[in-house]
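Work through the exercises below with the model open. Each task is followed by a solution in steps.

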Amino acid sequence: MRCYDRPSPNFDDRKDGAKPELIVLHYTSMDSTEAALEKLTDPASKVSCHYLIDEKGNIFQLVDEDKRAWHAGVSSWMGKDDVNSRSIGIEISNRDDQPYTKEQIFSLALLCKDLMFRHKIPTENVVGHSDVAPDRKQDPGAHFPWQKLSRHDIGRWPEPTAADQFNAAAVARSPKKLKELFNEAGYGVNAFGKNKPKLKELVTAFQRRYEPEAFSKPDAKPGKATAGTVAKLRAVARLNRPKKDQPEA
Ligand SMILES: [Zn+2]
């Protein structure tokens, strides 16, 4: 693994003195790292990120951490928008139709741990672009190894309890209850004004991250919540609940 500077002109100041409190993960969806770097440093593209990781695990820094990179677009997490002002954006070289390499996941884990430590970013705030913009985005996609990274406390991985499974099939049929759970889990259920995400888009984004098998089974129907989806969603909502709401030990 090597680290390189590849400065991009595509950044501005974080608004209202905001500090990084989220890490947003993306895939580049381009044929090569070089093509992605060219786009992310081209002033005409108006997109960028703080870091990019190539297939060999090399890390490129494009924007200083104290500046606002342009990677998340119209996004929301835990009831707050302007995700760009509040986050560090990491692009990973991947086209969605291929697994991530061992080397790039290793580098990503090291980078995330370093960022989480230095900026005091909690594990529930390591998210995918599709978590913060479920109506528009699919990255980092169903190949991304969320479960593996969660073993290093990078992002949440739900282990549903019996209580999470109780009556889950009935909840799966209730749009109102599903939306409440998505809201508790951090998703921008009521964000983006008229363009707020549809329930099917929220379920699809959630399944892409937590139930990737919903996309690979022969009879898969991604976008339709099942009892299993509800049990995992309840577990994520419980894990992501702000610490201050939890009883003191
Ligand atoms: Zn993205």
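**Exercise 1.** Classify Asp82 as buried, partly exposed or exposed, and do likewise for Asp16.

Solution. The model is a predicted one. Asp82 has 16 C-beta neighbours inside 10 Å. A buried residue needs 20 or more and an exposed one 12 or fewer, so a count in between means partly exposed. Asp82 therefore counts as partly exposed. For Asp16 the number of other C-beta atoms within 10 Å is 8, so Asp16 is exposed.

**Exercise 2.** Find the loops that hold Asp82 and Asp16, and give the phi of Asp82 and of Asp16.

Solution. Asp82 sits in the loop between strand E6 (67–69) and E7, with a positive phi of about 45°. Asp16 belongs to the loop between strand E2 (11–13) and E3; its phi, near 50°, is positive too. Most residues other than glycine have a negative phi.

**Exercise 3.** Locate the cis peptide bond at Pro140.

Solution. The bond joins Asp139 and Pro140, with omega about 10°. Pro140 is part of the loop between helix H3 (129–132) and helix H4 (146–150).

**Exercise 4.** Describe how helices H7 and H10 pack.

Solution. Start with the axes: those of H7 (residues 175–185) and H10 (residues 227–240) come within 7 Å and cross at roughly 35°. The crossing is left-handed. Next, list the contacts: Leu181, Phe182, Glu184 and Ala185 of H7 meet Leu233, Arg234, Val236, Ala237 and Asn240 of H10. Sorted by class, these are six nonpolar, one polar and two charged residues.

How values were computed: Residues numbered from 1 in each chain as written. Predicted model: local features only at pLDDT ≥ 70, side-chain atom pairs only at ≥ 80, totals over all residues. Axes fitted to C-alpha atoms, helices over the stretch in contact; angles between N-to-C directions. Helix = DSSP H or I, 4+ residues; strand = E, 2+ residues; numbered from the N terminus. Left-handed = near helix turned anticlockwise from the far one by under 90°. Contact = placed C-beta atoms within 7 Å. Nonpolar A, V, L, I, M, F, W, Y, C, P; charged D, E, K, R; others polar.
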